[in-house]
Amino acid sequence: MMRRSEFLELQSQPPPVAPARAKTVSLLIAIVMLIAGLGVGAGATYFATRPAPATIGQNTICSSPFITNYSGCASICSSGKTLTIGMLLDLSSQLSDQGTRAKSVSVLAINDINSFLLSGGCNLKFTTAIDDYGLVDQTALTDLQNFEASGVAVVVGPLNSGTAQAILTSANTNHVVLISPSSTSPALAISNDYLFRTVPNDAAQGLADGRIFVDRGATAAIIIHRDDTYGDGLASATSARFQALGGATIDSIPYDHNAADSGTLDWTTTLNTLNTDFNSNVGTYGAGHIAIYCVCFQEYGAMIIKASSYSGFPWSTIPWFGTDGEATLTKISSGSSGPLASQVKTVSTLFSSVNNSKTLNLYSAFTSKYTNLICDSYCLGSYDDLWLGAVSTLQAGGYNGTAIQANMLTVAANMYGVTGPLTLQPSGDRLPTGYQIWSIVTKSGTPTWVLAGNWDDATDAVTWTSGSGPP
């Protein structure tokens with residue numbers, strides 16, 4: 001387990017995985033360990049124990065402790081089919097950093113899944129079909145309908161909650177399972193639907209962000225947020241938490257997410273409101289006690305560039321705060337926005353997965369293959385999502401969305417991935433553990449994301465990393 005005291009630079013090595021609180025792991029979970037695949041040298045088998053080969057013949061895959069549908073699994077395992085898992089990714093808009101990582105890690109995941117199946121005597125294979133929806137809801141809906149028409153029963157994605165909300169009715173109606181590594185809006189925490197999310201929803205992130213405001217000395221906050229399901233939900237959750245801790249929300253300023261995603265938003269209206277709000281309240285609270293909180297995606301970079309033209313910039317003397325929509329994105333830390341993001345000591349939270357040897361093996365394989373990329377928590381989640389879709393198909397005994405959906409919670413509860421235990425709540429959202437705190441600092445003249453600390457949900461405590469935090 002990587003120590004919290006390690007000072008890690010995102011551009012030079014993969015991001016560390018912060019330790020989560022101690023958990024009681026069931027014997028079944030301990031027995032059934034999802035490894036990071038044969039292709040990355042993580043181990044020789046997906047499952048730690050199996051019945052003797054004489055009992056099950058050549059197929060050792062379907063006799064794992066949590067595959068209860070042996071006959072169905074054995075049937076699809078011997079089918080010789082190649083099944084396609086769809087992927088709805090953003091490769092061209094405000095989450096393109098994240099989408100590129102997910103696309104890249106999918107190559108490793110599919111290779112590892114197929115190697116595992118072959119090693120267990122299963123001639124079933126999986127492949128992916130990747131569509132770039134560019135954060136455009138209608139494009140994602142059309143892509144999903146095309147997947148449906150071609151017989152795809154599992155889709156990894158979409159990446160953002162707004163699009164997930166826009167296409168969920170179609171997924172529910174046509175029985176296509178959506179597995180998102182990064183959709184977090186509390187509005188989509190719905191039981192018995194076809195959306196599963198291998199991250200906690202933002203009710204948890206709001207708790208973390210509100211606590212971090214207080215830890216940095218804030219007594220008031222100005223919130224800037226996307227006017228979509230994600231932005232509205234997280235802004236509301238964080239505001240409620242901050243107020244419960246005694247803070248005051250001066251204003252919550254929504255901006256047009258469609259204009260931001262297309263790159264046509266000039267930010268003048270948003271920043272004029274921020275400027276007025278700050279100047280009207282700085283006498284009451286002080287410049288060192290007003291948090292500026294941005295629930296954004298990559299457009300945060302464009303906003304901060306525009307903000308720097310204001311005479312009062314950066315207004316607050318404590319860090320600007322961000323979210324998982326900004327954390328670790330190199331399009332923010334690079335270019336013209338990088339030095340400005342470092343100047344305001346940008347602090348952003350990101351879901352904290354549980355480190356294990358499988359994680360480190362995947363980091364090694366990923367950085368060897370993709371030397372200009374890093375694999376963050378959502379990249380790791382994309383890898384796990386493909387495994388979850390594949391194993392749920394085996395348990396279902398066929399590539400049938402209805403059967404796969406019915407088995408998802410059980411399969412996830414008994415899998416341990418590169419992000420740790422995959423246990424989901426009845427809503428299909430992951431159980432929360434904690435959040436990493438990332439900050440942009442300038443090292444040797446280069447703005448760089450570094451791990452600055454952690455928030456733990458069991459203790460509601462913020463721990464800063466020696467050498468890099470607090471900012």
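This is a predicted model: local features need pLDDT of at least 70, side-chain atom pairs count only at pLDDT 80 or more; totals for chains, interfaces and linings use all residues.
Figure 1. A disulfide requires the two sulfur atoms to lie within 2.5 Å.

**Figure 2. The disulfide between Cys62 and Cys73**. The structure holds three disulfides, and in this one the sulfur atoms are 2.0 Å apart. Cys62 lies in the loop between helix 2 (53–56) and helix 3 (70–77), while Cys73 belongs to helix 3, so the bond ties together parts that are eleven residues apart in sequence. The torsion about the S-S bond is about -75°, and the disulfide is therefore left-handed. Both Cys62 and Cys73 are buried.

**Figure 3. The disulfide between Cys77 and Cys122**. Here the sulfur atoms are 2.1 Å apart. The pair links distant parts of the chain, with Cys77 in helix 3 and Cys122 in the loop between helix 4 (96–119) and strand 2 (125–132), 45 residues apart. A torsion of about -115° about the S-S bond makes this disulfide left-handed. Cys77 is buried, as is Cys122.

**Figure 4. The disulfide between Cys375 and Cys379**. The distance from sulfur to sulfur is 2.0 Å. The torsion about the S-S bond is about -95°, so this disulfide is left-handed. Cys375 counts as buried because its relative accessibility is 1%, and Cys379 is buried with a relative accessible area of 1%. When the bonded cysteines of the protein chain are numbered in sequence order, the pairing is 1-2, 3-4, 5-6.

**Figure 5. Helix 10 (residues 268–285) and its packing partners**. The 18 residues of helix 10 reach 25 Å from the first C-alpha to the last, close to the 26 Å expected at 1.5 Å a residue. Helix 10 bends by about 30° at Asn279. Its buried residues are Thr270, Leu271, Leu274, Asp277, Phe278 and Asn281. In an α-helix, residues three or four places apart point the same way, because there are 3.6 residues a turn. The buried residues of helix 10 pack against strand 6 (220–226), strand 7 (248–255), strand 8 (290–295), helix 11 (300–307) and strand 9 (320–322). Helix 10 is followed by Gly286, which has a positive phi, near 90°.

Technical notes
Residues are numbered from 1 along each chain as its sequence is written. Side-chain values use heavy atoms; hydrogens and water are left out. Helices (H or I, at least four residues) and strands (E, at least two) are DSSP runs, numbered from the N terminus. The expected span of a helix is 1.5 Å times one less than its number of residues. The bend at a residue is the angle between axes fitted to the seven residues ending there and the seven starting there. Buried means under 20% relative accessible area, exposed over 50%, partly exposed in between (1.4 Å probe, protein chains only). Contact means heavy atoms within 4.5 Å.
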